[in-house]
Amino acid sequence: MAQRFAALANPARIRILRHLAATSSCCCGEVVEQFDLAQSTVSQHLKVLVSAGLVNLIPDGQRSLYCIDAEAMTLLSTGLSDLAKTCCRDR
């Protein structure tokens, strides 16, 4: 859970996740077109999101597509909710 939250600590990654959620899947170049970021920067952000298990990488011929891992996002949400309930139990 900590690695996933660390991946979300960067505002650009959150914007990328929102974009992926809106498009269902896209390649790195499509993300670059949407944001004022270099291709290498977007590629690195996507790599972090994939490593954290929040985004899936799907080979598609010469390119790779990226899409949100909905199950991982749901588990992260549930984990945060459980943590909040535990920490705020007596309040």
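**Entry 1**

The model is a predicted one, in which local features need pLDDT of at least 70 and side-chain atom pairs count only at pLDDT 80 or more, while totals for chains, interfaces and linings use all residues. Residues are numbered from 1 along each chain as its sequence is written, and side-chain values use heavy atoms, with hydrogens and water left out.

Met1 sits in the segment before helix 1 (2-7). Helices (H or I, at least four residues) and strands (E, at least two) are DSSP runs, numbered from the N terminus. With Leu80 and Leu83, Met1 forms a nonpolar patch on the surface, and together they have about 280 Å² of accessible area. Patches are made of residues with over 30% relative accessible area and no salt bridge; nonpolar side chains (Val, Leu, Ile, Met, Phe, Trp, Tyr) are joined within 5 Å and like charges within 9 Å. Accessible areas come from the Shrake-Rupley method with a 1.4 Å probe, and for residues only the protein chains shown count as cover.

**Entry 1: The chain as a whole**

I next recorded the overall layout. The protein chain has five helices and three strands, in the order α-α-β-α-α-β-β-α from the N terminus. Its C-alpha trace spans about 55 × 25 × 20 Å along the principal axes. Of the 91 residues in the protein chain, 30% are buried. The accessible surface of the chain comes to about 5,800 Å², and carbon and sulfur atoms hold 53% of that surface. I also checked contacts, meaning heavy atoms within 4.5 Å: among those with a separation of 6 or more, 51% join residues 24 or more positions apart.

**Entry 2: The largest nonpolar core**

Which residues touch the most other members of the largest nonpolar core? I found Ile16, Leu20, Leu46 and Leu49, out of 16 residues in that core. The elements giving two or more residues to this core are helix 2 (11-23), helix 3 (28-34) and helix 4 (39-51). A nonpolar core is a set of buried Ala, Val, Leu, Ile, Met, Phe, Trp, Tyr and Cys residues joined through side-chain atoms within 4.5 Å. In soluble globular proteins, nonpolar side chains tend to be buried together.

Not counting residues up to four places away in sequence, Ile16 touches Val31, Phe35, His45, Leu46 and Leu49. I then turned to His19, which is placed in helix 2. His19 counts as buried because its relative accessibility is 13%. Beyond its neighbours within four places in sequence, His19 is in contact with Cys26, Glu30, Val31, Gln34 and Phe35.

**Entry 3: Charged side chains**

How many salt bridges does a search of the whole structure find? I noted one. A salt bridge is a side-chain nitrogen of Lys or Arg within 4 Å of a carboxyl oxygen of Asp or Glu. The side chains of Asp60 and Arg63 meet in a salt bridge, at 3.1 Å from N to O. Asp60 is partly exposed, at 34% relative accessibility, and Arg63 is partly exposed, with a relative accessible area of 39%.

I looked up Asp69 as well, which lies in the loop between strand 3 (63-68) and helix 5 (70-87). Asp69 is buried yet has no salt bridge, and the nearest side chain of opposite charge, Arg4, is 5.9 Å away. For charge, Lys and Arg count as positive and Asp and Glu as negative, while His and the chain ends are not counted. Leaving aside neighbours within four places in sequence, Asp69 is in contact with Gly53, Leu54, Val55 and Asn56.

**Entry 4: A positive phi at Ser24**

Ser24 lies in the loop between helix 2 and strand 1 (26-27). I recorded its phi as near 70°, a positive value in a residue other than glycine. Most residues other than glycine have a negative phi. Ser24 counts as exposed, because its relative accessibility is 54%.

Lys47 lies in helix 4 and is exposed, with a relative accessible area of 52%. The C-alpha atoms of Lys47 and Asp36, eleven residues apart along the chain, are separated by 18 Å.

Methods
Buried means under 20% relative accessible area, exposed over 50%, partly exposed in between (1.4 Å probe, protein chains only).
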